[in-house]
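Dear colleague,

Please find below the sequence and structure that I am handing over to you.

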Amino acid sequence: MNWMKHLSLYFILSALVIIPGIYSLARYGLKLSIEFTGGSRITLVSMNSSAEDVLQSFKEYSPTIESNDKDGITLKMKEISQDNAQKIVDTTKPYNPDAKMTSFETIGPALGGETVRKTINALAISSLILLAYISFTFKQLKYGISAVIAMFHDTIVLIGSFSLLGHFYGIEVDLLFVTAVLTILSFSVHDTIVVYDRIRELSHKHKNIEYASLVNQAVTETIVRSLNNSLTIIFMLIALFLIGGETTKFFALALLIGTITGTYSSTFTAAPLLLVWNRYFEKSR
Amino acid sequence: MTISKPGKVFIFILILTLVSLYVALPTQVGQYKIPRANIKLGSLDLSKEIELKQGLDIKGGVQVVLKADMSSLSAGDKPVALESLRTVIGKRVDLFGVSESGIKTAVTGDDYRLILELPGVTDSKQALDLIGQTAKLQFAIPQYLPGKTATDSAIFAGFSPTDLSGSDLAKASVTFESQDRLPAVSLQFKDSGRDKFAKITKDNIGKPVAILLDDYPVTMPTVQTEITNGSAVITGQFTIEEAKALAVQLNAGALPVPVSILSQKNIPATLGAESIRKSLVAGAVGLGMVILFMIGNYGRMGLIASFGLVLYGLFTLVIYKLIPVVLSLPGIAGFLLSVGMAVDSNILIFERFKEEMRAGRPWRVALELAFGRAWDSIKDANTATIITGLILFNPLEWSFLNTSGAVRGFALTLIIGIFISLFTGIVVTRNLLRLLYRGISTQTKK
């Protein structure tokens with residue numbers, strides 16, 4: 001099968017996913033958790049008062065309701081000390097005799113900004129080291145650059161999706177999301193390297209074949225393993241997302257989105273990019 | 001009788017599996033008690049059950065990041081003060097009876113921080129009020145009541161505080177300048193303390209003077225002579241470590257550092273228990289699906305790879321117990337993800353095997369070729385993952401990278417996962433295949 005005949009189709013498909021994500025990022029941004037913005041989150045149980053009344057009592061701290069179910073009501077607000085939060089809960093004691101604060105979390109704004117900076121550092125350093133590593137292993141800069149572009153492709157798809165998810169479903173981006181992004185970074189490169197490795201091997205074997213058909217053959221030979229491998233990971237992640245713990249639910253979702261785009265990009269972004277590179281920079285072949 | 005090389009490796013794997021099972025299993029399964037060997041290796045006691053360390057998000061408790069206000073101290077004193085603060089706060093945490101508490105220092109730019117983990121603490125307010133106090137150092141005179149009869153020894157009645165306190169002390173440090181050249185602790189008083197100290201030493205020659213930190217005596221040297229120059233040396237049969245520890249404690253009073261809460265997280269234990277149960281169920285379901293998929297796709301080879309996968313799970317658990325890795329919820333997710341990734345090397349090899357078979361090679365040759373040729377891809381691809389893992393784990397604690405426990409926990413499980421999966425996916429599976437797998441060498445006729 002001639003995979004490399006439809007290069008523009010693959011790029012258009014990527015664009016169809018990426019553009020709404022970027023639009024959403026520019027327009028709505030990400031719904032950041034208090035780990036980034038600073039602030040407090042408390043969970044109250046046995047509240048008889050309505051959610052509105054609870055919000056009203058914390059109004060000084062501009063609270064929002066994060067969840068309200070059988071496990072209690074969870075509020076997010078500006079930074080508050082545990083003492084003050086407890087005092088406010090105590091003032092509602094006449095209506096809510098059994099009210100209890102089961103969970104309290106607060107993060108200073110300084111810490112939030114720092115987390116953002118460190119995340120960007122980690123992303124930048126990973127990209128640079130991976131770029132150097134791949135270019136070195138495959139002895140050509142085009143491999144490093146194409147792999148890193150494919151990696152950015154996946155990162156943008158993932159961040160864009162969460163911007164949309166945040167806007168429409170209120171899903172937050174927290175520290176675990178950062179971990180997920182960095183994991184996907186490595187997964188994306190992992191998958192791409194397997195394809196590149198095959199290109200390298202084939203190029204040693206068949207010295208006189210045209211580069212495009214070389215890439216094509218490599219993709220044909222690796223696509224089954226790529227799909228099979230991703231499927232095993234996807235099984236695990238779907239299980240984690242659907243029946244796993246609440247804390248890691250969206251972490252699993254982020255990894256799931258990343259795995260899917262990572263699998264797609266190694267075949268349909270990273271490999272075609274090599275051909276694009278050849279077309280513009282290595283006219284000789 | 002000679003044993004083939006795969007045979008030897010197989011026996012090694014078998015022994016490794018048995019030892020791992022022993023470490024991984026609890027002392028009692030249902031009604032059956034598992035006999036324990038009475039072996040001790042260093043701090044590792046094999047006769048007892050080796051516990052899996054659970055993180056705060058599973059066990060429940062309080063995590064606090066404290067900011068140390070060092071604005072009043074000179075730059076050189078700051079690291080000393082941070083170390084003292086850590087010791088003092090660590091002591092208070094111990095007083096609170098928190099087991100397995102964690103206390104770490106972190107310096108970010110001009111910010112000096114303490115990260116505290118207090119598992120099992122539910123009344124966080126009470127705990128933090130106690131822990132967050134500024135250290136109080138006080139010089140005091142021990143008081144004795146005379147014994148009832150002349151032969152009775154005197155009864156200790158308590159300390160009577162003097163007007164000399166930590167704020168009068170400039171600095172304590174370890175010195176070797178004493179007469180006997182043994183480690184000792186030197187005290188340097190501020191101008192405000194010089195005269196007070198002179199008066200105390202003058203009044204108490206030949207008697208002990210106690211130094212109290214947070215109302216507990218840390219040392220009780222006996223005054224040898226009146227000291228008027230504001231500089232004293234406490235001698236005793238100290239080892240260097242003891243002298244250092246004493247200096248650190250005294251500095252906590254000399255360099256008082258107020259702390260404030262930068263972030264706080266109270267985690268109810270029930271949440272963790274529920275989450276871990278769900279994650280384990282999810283893991284079991286996922287693992288089952290992966291195994292079915294492997295057998296469905298690769299037949300008997302897939303079955304053997306699944307054995308490898310189960311061993312992967314077992315070895316990982318043992319490594320977690322032995323290092324020990326503190327298990328957190330993201331860590332569990334990382335582990336489950338790595339199970340999905342662990343079969344990757346097998347899939348690479350098996351696909352390669354199919355290709356070589358299609359090329360018409362006998363299965364035995366195809367198998368060895370597949371392992372050999374897939375290795376390049378496996379090596380390069382996993383190196384890339386390890387690079388990212390290391391950046392996340394930040395082993396050198398670079399302050400421009402993440403130092404958060406959750407992220408690092410995840411990264412550690414990821415890195416461990418790669419190494420173990422390379423072992424089970426390649427060494428274990430390869431030898432099991434060599435021993436157990438018998439393919440049919442049919443030349444494909446077209």
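This is a predicted model: local features need pLDDT of at least 70, side-chain atom pairs count only at pLDDT 80 or more; totals for chains, interfaces and linings use all residues.

**The contact between the chains**

Chain A contributes 53 residues to the contact and chain B contributes 58 residues. On the side of chain A that touches chain B, the elements giving two or more residues are α4 (82-91), β4 (100-107), α5 (109-137), α7 (175-205), α8 (211-243) and α9 (249-281) of chain A. The largest share of that side, 13 residues, is supplied by α8(A). Sorted by class, the side of chain A that touches chain B holds 27 nonpolar, 18 polar and 8 charged residues.

Strands also pair across the two chains. β4(A) is joined by 3 bridges to strand β15 (residues 259-267) of chain B, and the two run antiparallel. Within this pairing, Thr106(A) has Gln264(B) in β15(B) as its bridge partner.

**Ile193(A)**

Is Ile193(A) buried or exposed? Ile193(A) is buried, because 30 other C-beta atoms lie within 10 Å, and the cut-off for a buried residue is 20 or more. Leaving aside residues up to four places away in sequence, Ile193(A) touches Ile134(A) as well as Ser377(B), Asp380(B), Ala381(B) and Ala384(B). Ile134(A) is 59 residues from Ile193(A) along the chain, and their C-alpha atoms are separated by 8.0 Å.

**The sheets of chain B**

Chain B has an open sheet of 4 strands in the order β9-β8-β12-β13, with antiparallel pairing. At its edges stand β9 (155-165) and β13 (216-219) of chain B; each has a single partner strand, so one side of each is left without a neighbour in the sheet. From one strand to the next, the twist averages 45°. Strand β8 (residues 137-145) of chain B is linked to β9(B) by 7 bridges, and these strands run antiparallel. Ile141(B) has Ser160(B) in β9(B) as its bridge partner. Helix α5 (residues 191-203) of chain B lies across β8 and β9 of chain B, and runs at about 150° to β9(B).

There is also an open sheet of 3 strands in chain B, with the order β10-β11-β14 and antiparallel pairing. Here the edges are β10 (169-175) and β14 (231-234) of chain B, which have a single partner strand each, so one side of each is left without a neighbour in the sheet. Direction ignored, neighbouring strands of this sheet are turned by 20° against each other on average. β10(B) and strand β11 (residues 184-189) of chain B run antiparallel and are joined by 6 bridges. In this pairing, Ala172(B) stands opposite Leu187(B) in β11(B). Helix α6 (residues 240-254) of chain B packs on the sheet and touches β10 and β11 of chain B, its direction making about 170° with that of β10(B).

**A hairpin in chain A**

In chain A, a hairpin joins β2(A) to β3(A) through 2 residues. Strand β2 (residues 64-69) and strand β3 (residues 72-77) of chain A run antiparallel, with 5 bridges between them. Ile65(A) has Leu75(A) in β3(A) as its bridge partner.

**Two helices of chain B**

The end C-alpha atoms of α6(B) are 21 Å apart, which agrees with the 21 Å that its 15 residues should span at 1.5 Å a residue. The buried residues of α6(B) include Ala243(B), Leu246(B) and Leu250(B).

Helix α8 (residues 329-358) of chain B has 30 residues and reaches 44 Å from its first C-alpha to its last, close to the 44 Å expected. Even so, α8(B) has a kink of about 30°, centred on Ser345(B). α8(B) is mostly covered, with 26 of its 30 residues buried. Gly360(B), which follows α8(B), has a positive phi, near 90°.

**Two loop residues of chain A**

Ser62(A) is not a glycine, yet has a positive phi of about 35°. Ser62(A) is found in the loop between α3 (51-57) and β2 of chain A, and counts as exposed because it has 11 C-beta neighbours inside 10 Å. Lys139(A), also not a glycine, has a positive phi of about 60°. Lys139(A) is placed in the loop between α5 and α6 (141-169) of chain A, and with 9 C-beta neighbours inside 10 Å, Lys139(A) counts as exposed.

With kind regards

Notes:
Residues are numbered from 1 along each chain as its sequence is written. Chains are lettered from A and ligands numbered from 1 in the order in which they are written. Two residues are in contact if their C-beta atoms, placed from the backbone, lie within 7 Å. Ala, Val, Leu, Ile, Met, Phe, Trp, Tyr, Cys and Pro count as nonpolar, Asp, Glu, Lys and Arg as charged, and the others, Gly among them, as polar. Two strands pair if DSSP finds at least two bridges between them. The expected span of a helix is 1.5 Å times one less than its number of residues. The bend at a residue is the angle between axes fitted to the seven residues ending there and the seven starting there. A residue is buried if 20 or more other C-beta atoms lie within 10 Å of its own, exposed if 12 or fewer, and partly exposed in between; C-beta atoms are placed from the backbone. Axes are lines fitted to C-alpha atoms, for helices over the stretch in contact, and angles run from 0 to 180 degrees between N-to-C directions.
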